Amino acid sequence: PLTFHLYYLALIIPSSTAVVERSFSLMANIVTKKRSRLTEQNTDAIMRICHANKELSERDLNIILEDFKGQKKRKLNF
């Protein structure tokens with residue numbers, strides 16, 4: 001059992017730091033001098049959206065904008 005646990009730990013250890021470096025690079029692109037007051041939760045939410053990397057079409061953005069305009073309560077909770 002101990003050997004199996006050791007093998008399991010060896011398999012989940014990342015082979016490089018590329019993932020971490022990409023995350024820091026993404027965060028550096030998001031948190032700029034103009035956006036230095038983002039909260040940790042908002043930064044996390046924006047990073048998750050950017051990491052998903054789904055391109056939105058102009059039509060998608062217009063649908064989102066019209067939906068947002070129609071709401072009485074416009075404050076977003078992340």
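A crossing of two helices is called left-handed if the near helix is turned anticlockwise from the far one by less than a right angle, and right-handed if it is turned clockwise. This is a predicted model, where local features need pLDDT of at least 70, side-chain atom pairs count only at pLDDT 80 or more, and totals for chains, interfaces and linings use all residues. Residues are numbered from 1 along each chain as its sequence is written, and side-chain values use heavy atoms, leaving out hydrogens and water.

**View 1. How α2 and α3 cross.** Helix α2 covers residues 18–30 and helix α3 covers residues 40–52; they pack at about 115°, axes 10 Å apart. That angle makes α2 roughly perpendicular to α3 (the label covers 65 to 115 degrees). The crossing of α2 and α3 is right-handed.

**View 2. Who touches whom.** From α2 come Ser23, Leu26, Met27 and Ile30, and they meet Thr43, Ile46, Met47, Cys50 and His51 of α3. Sorted by class, the contact of α2 with α3 has six nonpolar residues, three polar ones and no charged ones.

**View 3. A closer look at Thr43.** Thr43 sits in helix α3. Thr43 counts as buried because its relative accessibility is 8% (buried means under 20%, with a 1.4 Å probe and protein chains only). The Thr43 side chain reaches the backbone oxygen of Thr39 at 2.9 Å. Setting aside neighbours within four places in sequence, Thr43 is in contact (heavy atoms within 4.5 Å) with Met27, Val31 and Leu38.

Key:
Axes fitted to C-alpha atoms, helices over the stretch in contact; angles between N-to-C directions. Helix = DSSP H or I, 4+ residues; strand = E, 2+ residues; numbered from the N terminus. Parallel < 35°, antiparallel > 145°, perpendicular 65-115°, else oblique. Nonpolar A, V, L, I, M, F, W, Y, C, P; charged D, E, K, R; others polar. Buried < 20%, exposed > 50% of the residue type's maximum accessible area, 1.4 Å probe, protein only. Polar contact = N/O pair within 3.5 Å; in protein donor to acceptor, adjacent residues only side chain to side chain.
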